[in-house]
Amino acid sequence: MRYFLTTAIDYVNSRPHLGTAYEKITADVIARYHRLKGDDTWFLMGNDEHSQNVFKRAQEQGKDPLAYCDEMEQTFRDTWRGLNVSFDDFIRTTDRRRHFPAVQALAQACLDNGDIYEGFYEGHYCVGCEEFKPEKDLVDGLCPIHKTTPEWIKEKNWFFRLSKYQRPLLDLYAAQPSFIEPETRRNEILRLVEGGLDDISMSRAGQSWGVPLPFDATSVVYVWFDALINYAAAVGYGWDQARFQSQWPADLHIVGKDITRFHCVFWPAMLMSARQPLPRQVFGHGWVFFKGERMSKSLGNIVDPLDAAKRFGPDPLRLYLTKEVPYGADGDFTWERFEEKYNADLANNLGNLVNRVASMTERYRQGRLPASPPRGSTLPSVAESALTTYREAMDRHALHEAVAAAFRLVSATNEFVATSQPWALAKDPSRDADLTGVLYDAAEAVRIAAVLLQPVMPDSAAEILRRMGDPAPAEARRLSDAAWRSGDARQISNTGALWPRIDDKGAPTVSETPTPNPEPASPPAPAAPAASTAAPLTAVAAASDDGQIAIDDFMKVELRTAKILAAERLPKSKKLLKLSVDAGEPSPRTILAGIAESYEPEAIVGRSIVIVANLKPREMMGTVSQGMVLAASTDGGPAMLVNPDPAPPGTRVR
Ligand SMILES: [Zn+2]
């Protein structure tokens with residue numbers, strides 16, 4: 001099967017940061033998964049260069065814009081290479097051989113089909129977004145993303161008749177429900193299109209940095225219209241019709257949630273107008289924050305993905321971003337959590353397992369395992385169900401679930417080794433065959449886990465497979481190789497620890513500029529009693545020197561069960577949800593909980609929770625919070641609500 005996937009192309013006015021890298025890494029996981037399935041995969045990436053920001057940046061540096069873009073192309077390619085991103089093609093919008101003819105052909109086709117007309121545009125324009133901003137989208141007159149005052153622009157523009165495509169787009173979404181993923185993005189887009197579409201400007205007057213309009217030499221094609229066409233341009237549209245027909249349409253566009261609208265509304269409408277086939281699917285992923293903040297130059301909290309990759313190599317970073325962020329939702333990166341997960345998943349779990357299997361096989365069997373018929377252990381069935389779950393999750397882009405399935409097999413194998421006690425079997429000559437069988441099964445389970453992890457951790461998987469005696473090159477390996485085998489002898493190699501444990505909390509390798517907290521009224525995370533919310537507890541509980549408290553002290557904290565009746569986001573807060581809870585009292589309580597990054601409000605209505613009922617009411621963000629919700633969280637990690645078994649609201653917890 002043929003599989004053509006793309007990522008968004010990036011503005012080159014600054015270096016890629018971890019948020020940009022997140023998209024490329026997850027797309028690479030999908031591309032490598034399709035290669036593992038044996039699909040004829042084509043993975044396209046590229047740079048978006050016709051932005052006024054790029055032009056300005058080049059001018060600031062006293063460089064010719066094209067020369068500047070050439071340099072940035074190297075920077076981007078070096079970054080992607082450093083992260084093991086295996087793109088097959090890289091297109092730039094300044095590519096005169098491929099991109100210019102495609103953009104001009106598509107603009108001309110839309111004009112010929114009556115969908116482009118001349119008019120005047122007047123409005124707010126954010127240069128940061130390269131986008132006209134409707135009045136209603138501004139917050140206190142500022143762009144909500146860039147916090148800058150947009151320019152007021154009035155100019156002659158060519159317009160694309162987007163309004164005409166409202167019905168055809170709604171028909172498309174209805175006929176092809178998987179066109180937009182995940183569900184949350186689909187609902188956003190549906191609401192947007194159902195609300196009606198305005199025609200949109202598709203040209204900018206009096207500029208030279210861009211693709212000239214074929215029918216008006218005084219204007220260039222507006223950067224977003226220009227950029228979207230890269231996907232078709234790369235595979236021949238406007239310059240190699242035969243190639244275009246063999247490779248188009250794209251099977252999957254992977255884009256950030258902020259530009260889903262361009263890809264699910266504008267792009268299919270443009271293609272409908274030009275009478276070209278539509279892409280099959282758009283996946284809008286979430287954002288990766290740094291300590292809960294969106295990474296941005298102005299906030300000074302950019303994490304360079306190469307710095308993160310330098311910490312332990314690219315694979316642990318790829319694993320973290322794939323496994324710890326539910327694909328489609330937002331996630332968070334902190335150096336502490338990254339190290340914590342490295343230790344837990346790699347040093348202690350997978351790395352430890354590889355090491356144990358290899359060193360015991362060396363010690364007891366000189367590294368040589370003969371073919372071993374199934375011995376009735378549960379591992380083959382655990383491996384089989386891991387493969388089934390993995391495949392099903394990957395096919396619907398639940399990358400985090402797929403990786404979790406592979407790690408369940410790793411954990412099960414560690415348990416299997418612990419309970420089978422090969423070191424005890426080795427002392428009993430009558431159990432020789434059992435020892436071989438245990439080592440063989442463990443090595444086979446590790447081999448299968450490595451096949452499943454190959455798309456996520458390509459280098460590490462190759463190394464583990466080599467150690468487990470399966471040295472075939474990655475390109476030759478298929479998902480069917482993740483089936484249990486017992487008929488071949490194995491040469492296991494023991495070559496030292498893959499991932500040494502990190503014990504010291506050393507200084508991060510990247511400076512973490514303190515950033516102004518945009519939520520000054522934000523309380524010390526009411527949902528995370530572990531860290532900063534210790535305050536109310538210590539206030540009542542006089543801790544002894546060893547940090548222990550007496551039972552009387554604990555009993556001063558009145559914990560009660562409650563039921564969530566309603567939940568909503570606070571407009572100005574990323575972290576807080578405003579809950580209305582039934583705590584068994586005559587009227588519901590209002591509690592603000594710092595769980596907005598972990599839960600959608602609709603999803604938790606009806607849930608049973610535990611609250612601190614006698615916490616002094618506190619005013620936060622203009623609302624009085626009457627208590628605190630208990631949730632578990634690791635530093636910087638998502639909050640996980642504490643769920644009691646069913647008990648009437650107001651039941652004392654002790
Ligand atoms: Zn903006």
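Student: Hey, what covers the buried residues of α18?
Tutor: Several elements do, including α1, α12, α13, α17 (432-453) and β19 (490-491). Keep in mind that this is a predicted model.

Student: Okay, and which residues of α18 are buried?
Tutor: In helix α18, residues 458-467, the buried ones are Pro458, Ser460, Ala461, Ile464, Leu465 and Arg467.

Student: What follows α18?
Tutor: Gly469 does, and its phi is positive, near 80°.

Student: You mentioned α1. Is that helix mostly covered or mostly uncovered?
Tutor: Mostly covered: of the 19 residues in α1, 18 are buried. Just after α1 comes Gly38, with a positive phi of about 90°.

Student: How far apart are the end C-alpha atoms of α1?
Tutor: They are 26 Å apart. Helix α1 runs over residues 18-36, and at 1.5 Å a residue its 19 residues should span 27 Å, so the two values agree.

Student: Switching topic: at what angle do α12 and α13 pack?
Tutor: Helix α12 (residues 314-323) and helix α13 (residues 335-365) pack at about 100°, and their axes are 10 Å apart. Angles of 65 to 115 degrees count as roughly perpendicular, so α12 is roughly perpendicular to α13.

Student: Nice! Which residues make that contact?
Tutor: From α12, they are Pro316, Leu317, Leu319, Tyr320 and Lys323. From α13, they are Arg337, Phe338, Lys341, Tyr342, Asp345 and Leu346.

Student: And how many of them are nonpolar, polar or charged?
Tutor: The contact of α12 with α13 has seven nonpolar residues and four charged ones, with no polar residues.

Notes:
Residues are numbered from 1 along each chain as its sequence is written. This is a predicted model: local features need pLDDT of at least 70, side-chain atom pairs count only at pLDDT 80 or more; totals for chains, interfaces and linings use all residues. Side-chain values use heavy atoms; hydrogens and water are left out. Helices (H or I, at least four residues) and strands (E, at least two) are DSSP runs, numbered from the N terminus. The expected span of a helix is 1.5 Å times one less than its number of residues. Buried means under 20% relative accessible area, exposed over 50%, partly exposed in between (1.4 Å probe, protein chains only). Axes are lines fitted to C-alpha atoms, for helices over the stretch in contact, and angles run from 0 to 180 degrees between N-to-C directions. Angles under 35 degrees count as roughly parallel, over 145 as roughly antiparallel, 65 to 115 as roughly perpendicular and the rest as oblique. Contact means heavy atoms within 4.5 Å. Ala, Val, Leu, Ile, Met, Phe, Trp, Tyr, Cys and Pro count as nonpolar, Asp, Glu, Lys and Arg as charged, and the others, Gly among them, as polar.
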